[in-house]
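Reader: I am new to this one. Could you walk me through it?
Author: Gladly; here it is.

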Amino acid sequence: MPLLEVIHVSKTFGGLRALDGVNLSVERGETFGLIGPNGAGKTTLFNVISGFLQADEGQVRFHGHDLVGLRPHQICRRGVARTFQLVQPFSDMTVLDNVAAACLFGRHRIASIQGARERARHLLELVRLDAKASVPAGSLTLSERKRLEIVRALATGPDLLLLDEVMAGLTPAEGQEMGATIRHMQAEFHLTLLIIEHNVRLVTGLSHRMAVLNHGSMIAEGEPTEVVRHPEVIKAYLGERRSRGA
Ligand SMILES: Nc1ncnc2c1ncn2[C@@H]1O[C@H](COP(=O)(O)OP(=O)(O)O)[C@@H](O)[C@H]1O
Ligand SMILES: [Mg+2]
């Protein structure tokens with residue numbers, strides 16, 4: 001049984017069909033990359049999986065159980081965590097307490113603030129943010145905020161982690177470093193990852209399988225190096241560049 005199954009999911013905003021009968025299946029332990037031009041529906045799919053939006057049609061199954069109709073916190077407690085494309089930490093709280101709060105909220109039911117802070121410290125070391133533990137989250141750089149966002153999701157104890165463009169806006173060196181962190185995290189926590197990423201090269205290097213969303217429909221799926229060579233994929237990306245005048 002796949003860990004995550006998205007079955008014929010559609011979502012319409014007014015007249016716009018953001019998701020149009022999307023199917024996706026992710027196996028346990030897999031890193032699955034989801035790419036596609038701006039506005040393709042990638043974040044909408046994450047919103048549906050994590051319960052922030054209700055699908056108009058279709059099913060989402062996790063561990064074989066239907067997630068449709070559950071609230072985001074219920075889905076989180078079942079083991080699905082996500083990051084947001086626009087990172088939104090509690091800016092006035094310290095980095096440590098941002099993570100500790102997620103530890104308290106998550107599945108492990110850590111009962112004390114002290115226990116949560118201990119766990120948070122360990123997690124911050126993992127993403128090399130331990131030196132920043134006591135500064136307010138609002139003072140972090142973009143790269144640091146992205147790492148905090150990941151670690152807050154990780155702190156809830158997920159089986160499946162959804163990463164939404166965590167490498168966007170990073171320098172090439174920071175992007176490489178983020179890739180290494182993601183690999184390291186997956187190994188330590190036996191995570192299954194679904195990664196939305198604009199940087200096709202980085203996500204190709206991380207993923208076991210990949211799929212491409214365009215105008216709400218999957219246009220290709222399979223082995224990463226084959227997917228990026230698919231003629232429809234090349235057309236979708238070139239079309240986007242042309243429309244931006246690049
Ligand atoms: N809450 C919303 N209300 C109305 N339109 C939305 C909403 N969320 C996304 N959209 C629209 O749906 C389409 C897909 O958006 P999105 O899923 O954010 O794409 P991607 O993440 O692939 O760039 C876009 O045209 C976007 O403007
Ligand atoms: Mg998006």
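Author: Let us start with ligand 1: β2 (16-26) and α1 (42-49) each supply at least two residues of its shell. Helices (H or I, at least four residues) and strands (E, at least two) are DSSP runs, numbered from the N terminus. This is a predicted model, where local features need pLDDT of at least 70, side-chain atom pairs count only at pLDDT 80 or more, and totals for chains, interfaces and linings use all residues. Residues are numbered from 1 along each chain as its sequence is written, while chains are lettered from A and ligands numbered from 1 in the order in which they are written.

Reader: Which element gives the most to the shell around ligand 1?
Author: That is α1, with 3 residues.

Reader: What makes α5 roughly parallel to α6?
Author: Helix α5 (residues 142-155) and helix α6 (residues 172-189) pack at an angle of about 15 degrees, with their axes 11 Å apart. Axes are lines fitted to C-alpha atoms, for helices over the stretch in contact, and angles run from 0 to 180 degrees between N-to-C directions. Angles under 35 degrees count as roughly parallel, over 145 as roughly antiparallel, 65 to 115 as roughly perpendicular and the rest as oblique, so α5 is roughly parallel to α6.

Reader: Why is G205 called partly exposed?
Author: G205 sits in helix α7 (residues 200-206) and has 14 C-beta neighbours inside 10 Å. A residue is buried if 20 or more other C-beta atoms, placed from the backbone, lie within 10 Å of its own, exposed if 12 or fewer, and partly exposed in between; therefore G205 counts as partly exposed.
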